[in-house]
Amino acid sequence: MRYLILSDIHANWEALAAVLADAEGDYDTVLNCGDLVGYGPDPNRVVDWCRQNNQVIVRGNHDKACAGLLDPQWFNPVARTSTEWTQRELTEVNREYLRDLAKGPRAVDGFEILHGSPLDEDEYLVHVYEIGFAARRLEMPLGFFGHTHLQGAYLVHRNGVKELPPVFEIEETARYMINSGSVGQPRDDDPRAAYAIYDTGEHVVELRRVSYDIEKTQQKILRAGLPEVLAARLEFGT
Ligand code: ZN
C-alpha cells in the first residue's frame, strides 16, 4: 500500500491542490495528521475534500479550537483571530466533522499517525531528544506526526536519534518518527508545501516539497480580512 501523508493543511487550498497534483499516481490511500483549518482562507473547501478523501485522520489543536472544543485563550492573537474567523465561516456539516475527529495516535497498518506527541496531542516535538522520548511511547515502531510544521524523519535508537535524508528505507528492527511537514504553512524556511509518501510494499518513505501559487493564497487571506502576517509568512516559510 502506498500512503499519502498530509499534515497541517491549515485551510490552504492552493497548497493542497499542488500536493495532490504532484503526488498523483504515487499513492492509494490518504492519511491526515490534523490541523485541517486555522490560518488559511479556504476552510470549507479543504474540509469538504478531507471528508471525502481521507481514510484515517486525527484532529489537531486548531481543529479543536475551530470546532469549539478548545478555548483559544492560549493561542496568540493572530491564531485567535483566525480561529474566530474560521468558526464563522465553517458550514454546520464541516464544524461537526471537525468536532468528531478522533484524537491521536491512531493505528493504521503497522504504524501510527498523530498530531503532537503520543502522550499529549497538543505537545510540540521539536528537539531530537523530545522526538526520541516520544518514539518510545508509541505502541508501533513507526509514527507520523505534525504540529510543528517542520519536516523531518528520525531514526530512533537506544543510543541516540539520527536525522534521515528525504528518501530512506524502513528497517524492520528500527524505530522511526517522521514529520511529514506542513502542507499549508511550512515553518522550516522552505515555503514549498510539504508532504510524505510511505510505500509499505517497498518499505520506502519519501519526504517531498512542491511549489504552489502562494500569491493566490495571500490575496485570499487579505480579501478575507485575516491578519496580514498570515499572508506574508507563507512567502518565507516561517
Ligand atoms: Zn498546525
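Predicted model: local features only at pLDDT ≥ 70, side-chain atom pairs only at ≥ 80, totals over all residues.
S1 and S2 run parallel and are joined by four bridges. S2 spans residues 29-32. S1 itself, residues 2-6, is mostly covered, with four of its five residues buried. Together with helix H1 (residues 13-23), S1 and S2 form a right-handed β-α-β unit.

Salt bridges were searched for across the whole structure, and 13 were found. One of them pairs the side chains of Asp42 and Lys220, at 2.7 Å from N to O. Asp42 sits in the loop between S2 and helix H2, and Lys220 in helix H7, so the contact ties together parts that are 178 residues apart in sequence. Asp42 is buried, at 14% relative accessibility. Lys220 is buried as well, at 17%.

A further salt bridge joins Arg209 and Asp190, at 3.8 Å from N to O. Arg209 belongs to strand S12 (residues 204-210), while Asp190 lies in the loop between strand S10 and S11. The two residues are 19 apart and link distant parts of the chain. Arg209 counts as buried at 17% relative accessibility. Asp190 also counts as buried, at 17%.

Arg208 and Glu206 meet in a salt bridge of 3.0 Å, N to O. Arg208 is buried, with a relative accessible area of 14%. Glu206, at 26%, is partly exposed. Elsewhere, salt bridges with shared partners join Arg59, Lys64, Glu121 and Asp122 into one network.

Terms used:
Residues numbered from 1 in each chain as written. Heavy atoms only, no water. Buried < 20%, exposed > 50% of the residue type's maximum accessible area, 1.4 Å probe, protein only. Pairing = 2+ DSSP bridges. Right-handed = clockwise from strand over helix to strand, strands pointing away. Salt bridge = Lys/Arg side-chain N within 4 Å of Asp/Glu carboxyl O.
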